[in-house]
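Welcome! Please take a look at the structure below before reading on.

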Amino acid sequence: MSKQPAIDLNDPVGDRVAKTTCYMCACRCGINVHLRDGKVRYIEGNRDHPVNQGVLCGKGSAGIMQHYSPARLRVPMKRVGPRGSGEFEEISWEEALTTATDWLGEVRTNDPKRLAFFTGRDQSQSLTGLWAMQYGTPNFSAHGGFCSVNMAAGGLYTFGGAFWEFGDPDWELTKYFLLFGVAEDHASNPIKIGIGHLKGRGAKIVSVNPVRTGYNAVADEWVGIRPGTDGLFVGALIHELFQNQKIDLDYLVRYTNAPWLVIQHPGAADDGLFARGEDRDPIVFDKATGDFASAMSVETTPALTGARTLADGRTARPVFELMAERFLSDEYAPEAVASQTGVDAEQIRRIAAELAEVAFEQEIVLDQPWTDWAGRRHDKMIGRPVSMHAMRGVSAHSNGFQTCRMIHILQILLGSIDCPGGFRYKPPYPKQAPPWLLPQGALEDIRPREPLGGPHLGFPLGPQHLLLDGDKPSRIDKGFTWDAPMSAHGLMHMVINNAAKKDPYEIEVLFMYMANMAWNSSMNVPGTIDNLTAKDDDGQYVIPKIIYSDAYYSEMVPYADLILPDTTYLERWDCISLLDRPISTAELAADSIRHPVVKPDRDVRGFQEVLIDLGARLAMPAFTNEDGSPRYPGGYPDYMVNHERKPGIGPLAGWRGADGSKTGQGAPNPKQLERYLENGAFFAHELKPEQAYFKHANRDYLNWAVEMGFRVEPRPTIFQLYCEPVQAFRLAAEGHGTRQPPESHRERIRKHFDPLPFWYAPLEETMLDEGAYPLHAITQRPMHMYHSWGSQNAWLRQITAANRLYIHRSLGAKIGVVDDDWVWLQSHQGQVKCQVRLMDGVNPDTVWTWNAIGKRRGAWGLSDDSPEANQGFLLNHLISELLPEGGGGYRYSNSDPITGQAAWFDLRVAIKKADGAHETEPLFEPTGTGGLAPSPDKIAYGAEFKRSGR
Amino acid sequence: MTSLPENTGKKLGLVIDLDICVGCHACATSCKEWNTGGYSAPLSDHDPYGADPSGAWLNRIHSYEVGEGPGSKTVHFPRSCLHCEEPDCVTVCPTGASYKRAEDGIVLVNPDTCIGCKLCSWACPYGAREYDFDDGVMKKCTLCVDRIYNETIPEEDRVPACVRACPTGARAFGDLGDPSSAVSQSVAARGGFNLLEEFGYKPVNKYLPPRTGASDLDPAIVTQPERIPKPDGSAVERLFAWADQALSR
């Protein structure tokens, strides 16, 4: 045998390790960035970090190529060619900021609402929202309106929490896990870690998803449901639980509004509202005394059944009865839903029985005493080890709010919210249901150079909280109007369309961050591009000024007039704040930071840095001292440490107080960021074992949450099986109250605003000839890519550079296609030409593809002949941002009628074989390259790290 | 021809759990990221932003369906060098650049003596070797030999990058020559198998099969309690009677 060469087994990884926070998706994992000679050598997960516990996904592990992408913007630019041409001139930051200040200052002085500021995949909404408030425009939101507002609103109105950022399954103790409509996103690593735990313990995973990939592929049971029918499936599960009396009645009485009495007074203004006592608290019927009592009293034995006559003669019935009647009706019988859902009645029945078996016969008892909100001591924590998680597949339908509510009601009926083995809140959740936060931005509150009175986004309790002046919407996206009354995240997807139509009014400046609206973040891409380039009769753009900040040359950049180049995630400061979108786990209240671990080699600035600078230049009070000087001369890190939302409460919760000894509330600590850096760029406060469960009603938790500033008072969160604010809108539609919907909207509001969740068909398909568009079309995000950012990543695009349309084998046989054949996919909006791949693991009435793989020529530093541009395609071109014209000629947004959530999974299509095609259609003109240098034709990353001796 | 060690002291390798792998590619990209700056540096990429991007990877994931109809299953299958006990890829090497380490069984390529003749990649039935066209030498999984013994990194991190990254815990690293090791035990418990056993190369890496069938609960629970016959409303009445028990807050 030859002599083995000597190799160096002890080569140090790098000369420095910097711990920061990933930004390859919204998961926000802790990462260790190993650096050698100032370059990134290797990125791994931070073992101590609450989110990812050391692991790192396929995206995060390709971070080097994201950071060194040739598509990075290099310097501020102003547009010199027509919009879309990609012709820019490089300018200095001073010129860029002066221009932005001039444009923004003029609007702020004249009519602040003529600024529309929308921030896409923003992880700093507590800052961007503050900036918008200070500016005084009503027009602000991030991308929640096309992402997950149905999940957030459905959850928050029901139980003061929600899936993903606000809660997780109890990965350690759950025995039965039901996963609805989740491919990769929301969340990435926590779900992967959790599924690994569950499989290792032999817990059962049931996935409800039209497509069997990823998590759904490793599930023990796959329910290949028809898109948009999850509400029928869940309704049938609830039907079975009621039918078989598998309901946790104790839990309902203790934690929910099941015994609350609902006024039955058809045709009257109080019909369907809660009967209330003199103190305005809802009332129950107390079986012990035979009299009515406050629902908040603990000394009662509330009746769940029985109609009662109130003192004034009105009749009232408990929520429980109304709900049971709803779900015991024949329309939710398993047999009745089988054909629409595509799920066999026996399978539904078995899953319901399994849920009940695990919840009630396999309960978990922890020897952990705790004290409830009323001060009663319990010596054990009893758990129902059934948990659920849901996201996109429920969220992106126009029936998503009600379906999401139904899933939560299923959890609640089983007694599995925040108990051992169930769903667990993550601090600062639970909030009250709904949170005590009303939307701000009524037209009468908008005044030149004056801040708004509060945050833009909130939770209306009825028509009185809509942002309407007569019939005139306050917001450009028509959020909080009769079009979408409970649009708690705004409707970013309608901004460009409405602005181009000057409906409800003209805007002067469109200011966007990190939102690829000219491509995969919009419904109807061609229409959006038309809107971005539309001109008035005088030849001026209808949207006169567009400012855009992005780190990369995305498809949106060519349509902006002023480009503010952002940094990569390794070059920036950020705080992932408890005021915003927390990274907490069920047992830890946590927040984190990003900090520059490498210095930019370009003339770029973090967007938040720029925003704080603009805030000072525009003399906004929160960003300026009384003498007019900038309040945060040290930029974003200065703000992170010294900004106080209320006295003692700032963006970061850890190491507050002058000496760093305070948590949650405390004076700013000048050494706070140092402490974060010492701790691996995050802060985590561990809950005590007695606070760990039943947080909605746990005195120790609630008191602590008040101390932390998470809650105003320690009253419990009571689960709203019956959602009274929804009924308040319905009453208006029935003609009650002074604020009335327009006639055109009346029936739509009346139908969909049901205070008890129900299933209705997704809106678009009810307005189409279903025979003409027999198939559902949906997308999934690949695990190794997120949004558009993956396409420029030299490693990730080697895994997926072009997407296929996946169709069921039977459909392939029917239309006579085999793998890689081309087809036309047609919707009422348009058509797309693409290649197919046949598979078994897809609902036969559904076709699907990977999201955002298709790219426009010119963007992202890719060559014009790249597969992304020539074979890759988007379904977005097929999705209309508006519903077809209904009665009365009004075209509603293609959104959930309650929350305004973009209904991009409602898409219906027809398919036919295409002949002789070799490239996708529509094929858009190249965008120009924004002056970026050509991308390299070869990479040998890491050659520089090679040392002799190997 | 290159000869093999008569006996390796250890048989270091990976155990990959196909029951848990969700096909996320974390093992592939973390491998690429580590190794492009490690022992095999660089793992070159050709036409990285163009029409036909390709590069050297030491670990790739294949997702595909097995079977058709109701019994079909989606499988995610990570593929890398199996560090065979009797690897033809080593014995065919004309220069001795490919070799199997005596101390731990890791199959390595010495880039200083590899002439890029590709005989080894022809010999490997697993497609585990990748020729780096730009670097002109053969690249392959090193089992992160520059991590697993590396005293400059914390002991808990002395595992291959793929194992370090894997979010679901589908990958484990250890000595498959030691029957008492955790990896050997999991192979024994779960019926771990060799890839292409019949070829006789005796792969060290093992795969754990997907567990068969859903862990359905006792079918007895599906049996329904006696149902009240129609007419409608009776189920409601029965439920209400049941719910009309004394429940205190």
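This is a predicted model: local features need pLDDT of at least 70, side-chain atom pairs count only at pLDDT 80 or more; totals for chains, interfaces and linings use all residues.

Residues are numbered from 1 along each chain as its sequence is written, and chains are lettered from A and ligands numbered from 1 in the order in which they are written.

| Domain of chain A | Residues |
|---|---|
| domain 1 | 77–144 + 471–565 |
| domain 2 | 151–428 + 719–739 |
| domain 3 | 767–913 |

Between the C-alpha centres of domain 1 and domain 2 of chain A there are 39 Å.

Now for the interior. A nonpolar core is a set of buried Ala, Val, Leu, Ile, Met, Phe, Trp, Tyr and Cys residues joined through C-beta atoms within 7 Å; buried means that 20 or more other C-beta atoms lie within 10 Å of the residue's own, with C-beta atoms placed from the backbone. The largest such core has 363 residues, and A:Phe233 and A:Ala390 are among those with the most contacts inside it. Apart from it lies another core, of 5 residues, including A:Trp850.

Next, the two chains meet: 95 residues of chain A are in contact with 78 residues of chain B (contact means C-beta atoms, placed from the backbone, within 7 Å). On the chain A side, 43 residues are nonpolar, 25 polar and 27 charged, where Ala, Val, Leu, Ile, Met, Phe, Trp, Tyr, Cys and Pro count as nonpolar, Asp, Glu, Lys and Arg as charged, and the others, Gly among them, as polar.

Notes:
A residue is buried if 20 or more other C-beta atoms lie within 10 Å of its own, exposed if 12 or fewer, and partly exposed in between; C-beta atoms are placed from the backbone. Domain bounds come from an automatic or database domain assignment.
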